[in-house]
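Please keep the structure open beside the text as you read.

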Amino acid sequence: MGSFDKFKIWVLFICLISELGHGFYLPGSYPHKYGVGDFLNVKVNSLTSIDTELPYSYYSLPFCKPDEGVKDSAENLGELLMGDRIENSPYRFKMYTNETEVFLCQTKPLSGEEFKLLKERIDEMYQVNLILDNLPAIRYTKKENYFLRWTGYPVGIKVQDAYYMFNHLKFTVLVHKFEETNVARVMGTGDGSEVISTVGNSGSDTPGYMVVGFEVIPCSFQHTPDSLKNLKMYNKLPSPIKCDPTTVSMAIKENEPVAFSYEVNFVESDIKWPSRWDAYLKMEGAKVHWFSILNSLMVITFLAGIVLVIFLRTVRRDLARYDELDKEAQAQMNEELSGWKLVVGDVFRAPSNPGLLCAMVGDGVQILGMGVVTIMFAALGFMSPASRGTLITGMLFFYMILGVAAGYVSVRLWRTIFCGDHKGWVSVAWKAACFFPGIAFTILTILNFLLWGSHSTGAIPFSLFVVLILLWFCISVPLTLIGGYLGAKAPHIEYPVRTNQIPREIPPQKYPSWLLVLGAGTLPFGTLFIELFFIMSSLWMGRVYYVFGFLLIVMILLVVVCAEVSLVLTYMHLCVEDWKWWWKSFFASGSVAIYIFMYSINYLIFDLKSLSGPVSATLYLGYSLFMVLAIMFATGTVGFLSSFWFVHYLFSSVKLD
């Protein structure tokens with residue numbers, strides 16, 4: 001086949017892939033066509049605040065309720081774990097039908113408890129989150145000639161000693177005309193193929209529209225009692241409403257009702273449906289964001305390259321020196337010199353607490369695999385912000401499936417440490433299945449009691465707790481045991497040297513080895529600390545994180561740097577005749593978790609200054625501890641496995657007596 005023919009085949013293949021992608025939409029993110037006059041129903045999500053980090057139900061405050069009653073929307077596992085509670089609302093529009101002065105409802109006179117709760121929520125800067133056609137309501141504020149974007153709007157505002165509520169909402173719905181095609185596509189094969197129009201009815205003259213933007217301007221407007229007489233929901237108010245977001249007039253008072261109203265304006269926009277999330281994904285200082293990440297990647301790659309080159313040259317020189325000598329010269333050199341070759345009889349001596357090490361390495365493989373696969377799927381667009389909760393749901397799914405890898409690695413490492421002995425592999429597999437999940441379950445249970453006590457929607461419901469336990473013991477544990485069984489059947493890794501019966505005494509060290517181990521985490525931390533800021537902002541400041549492609553690159557670079565750092569430290573310890581490298585290689589790269597936790601505390605003090613109350617601080621530190629433990633297991637595993645491969649390769653490459 002000629003080069004030109006190969007080129008034509010590749011072009012045809014690329015065209016086919018692009019054509020498939022043209023008609024492919026991710027689950028939950030396909031476009032919805034609305035005809036003129038079709039009803040659009042607004043949904044409400046939990047009230048959120050960066051001041052407390054405790055989400056609450058929308059209807060925990062005295063807002064208007066729909067006539068048909070409050071109904072929960074279908075939620076996935078990830079949404080429930082993130083504290084989202086999506087419910088219906090009384091706000092409803094007609095497509096491409098502008099409405100003004102729409103009366104919604106008037107609440108009952110505020111009781112003392114409701115008045116106090118409203119004041120607390122306003123003081124704590126709680127935001128109301130509305131959703132239309134899967135798009136969160138976005139609010140723009142102007143500051144020094146540029147616009148800031150916010151999702152949601154505040155419950156109210158405090159001016160001097162008075163509290164004002166935003167009770168009138170001015171909605172702007174951006175729509176884009178539905179682009180129908182007159183080109184029918186052939187679906188099917190052979191004689192049974194049929195000509196089917198894939199998009200709507202191409203002969204219809206009725207225009208259709210897609211929602212491509214949802215904006216809100218909150219206003220505080222004082223309705224006169226006379227204007228509200230005999231009005232029902234969705235009636236038109238007799239007097240016009242001037243929505244001015246810079247002034248407030250609806251002061252809330254005990255034993256007085258609050259009236260709610262809204263207006264909606266439809267605007268045809270040039271924004272196309274695939275680009276409608278761009279407004280939410282734009283960050284202020286985006287150029288600085290990209291430049292900082294690229295700069296960090298380049299610097300760390302350069303440093304890691306230097307370390308790797310120096311390291312390989314040093315090891316190769318040592319190997320060359322020993323290989324060039326005859327046996328007598330080697331024996332004489334061993335007597336005169338100290339170095340890594342002197343620990344040949346102890347380098348593969350079983351470490352202390354081998355079962356715990358095997359379980360931690362197995363769990364680390366499981367966590368690392370989950371992270372890599374999840375970020376890859378997210379970078380490909382399968383877990384976009386439009387599909388709420390899919391990221392957490394995907395992480396749980398991949399974690400459970402990768403239990404097989406955890407059991408396999410932990411048991412095979414156990415058998416390798418004990419030279420192929422099968423005894424105790426079931427216990428090791430059980431440890432791998434329960435060690436990290438047990439720690440996570442304990443932390444989440446303690447935090448959940450705090451959330452239950454605060455009546456927050458962030459609390460995991462008891463029924464979901466039962467579901468998580470069933471997933472753990474009915475799926476994850478059996479898969480880990482199956483992996484352990486496969487690890488027990490697989491051949492163990494044979495050591496290239498024999499281990500002496502009597503352990504060699506380690507010479508006194510000039511500096512504590514653990515000090516060097518703890519300091520080794522600084523280089524891996526340098527690969528991710530800039531990206532860590534954006535991740536923390538997404539988790540705690542309500543921003544949307546979307547640069548998963550860069551996160552994947554950072555994660556790959558982190559794995560490389562962790563492996564290199566652990567190799568260097570292991571080599572340094574062997575050169576000073578310290579043969580206890582097993583745990584030190586794990587914590588050399590795993591110590592990056594210490595710096596991440598210190599960064600989390602720094603972020604709490606300097607960036608989350610407004611975080612109030614011991615419950616909020618405890619929740620923040622608890623979730624941060626859970627995160628850094630997972631990172632320690634994953635990075636420590638990378639360091640240990642790379643060091644194990646290096647030590648095995650080093651002592652199998654040198655001539656021994």
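The side chains of Asp578 and Lys584 meet in a salt bridge, with N and O 2.4 Å apart; the term stands for a side-chain nitrogen of Lys or Arg within 4 Å of a carboxyl oxygen of Asp or Glu. This is a predicted model, in which local features need pLDDT of at least 70 and side-chain atom pairs count only at pLDDT 80 or more, while totals for chains, interfaces and linings use all residues. Residues are numbered from 1 along each chain as its sequence is written, and side-chain values use heavy atoms, leaving out hydrogens and water.

Searching the whole structure gives seven salt bridges. Three of them are listed here, including the pair above.

| Salt bridge | N to O distance |
|---|---|
| Asp578 and Lys584 | 2.4 Å |
| Asp346 and Arg349 | 2.7 Å |
| Glu577 and Arg504 | 2.9 Å |

Helices (H or I, at least four residues) and strands (E, at least two) are DSSP runs, numbered from the N terminus.

The scale is under 20% relative accessible area for buried, over 50% for exposed and partly exposed in between (1.4 Å probe, protein chains only). Asp578 at 4% is buried, as is Lys584 at 10%. Asp346 is buried at 2%, and Arg349 is buried at 16%.

Now to the strands. An open sheet of four strands runs in the order β3-β2-β6-β7 with antiparallel pairing. Its edge strands are β3 (87-94) and β7 (135-136), each pairing on one side only. Strand β2 (residues 39-44) pairs with β3 over five bridges; two strands pair if DSSP finds at least two bridges between them. Lys43 stands opposite Asn88 in β3.

Finally, consider Ser227, in the loop between β16 (208-219) and β17 (259-268). Ser227 is buried, at 9% relative accessibility. Its side chain reaches the backbone oxygen of Thr224 at 2.7 Å. Beyond its neighbours within four places in sequence, Ser227 is in contact (heavy atoms within 4.5 Å) with Leu237, Pro238 and Ser239.

On helix α11 sits Phe462, which counts as exposed at 61% relative accessibility.

Notes: A polar contact is a pair of N or O atoms within 3.5 Å; within protein, one must be able to donate a hydrogen and the other to accept it, and residues adjacent in sequence count only if both atoms are side-chain atoms.
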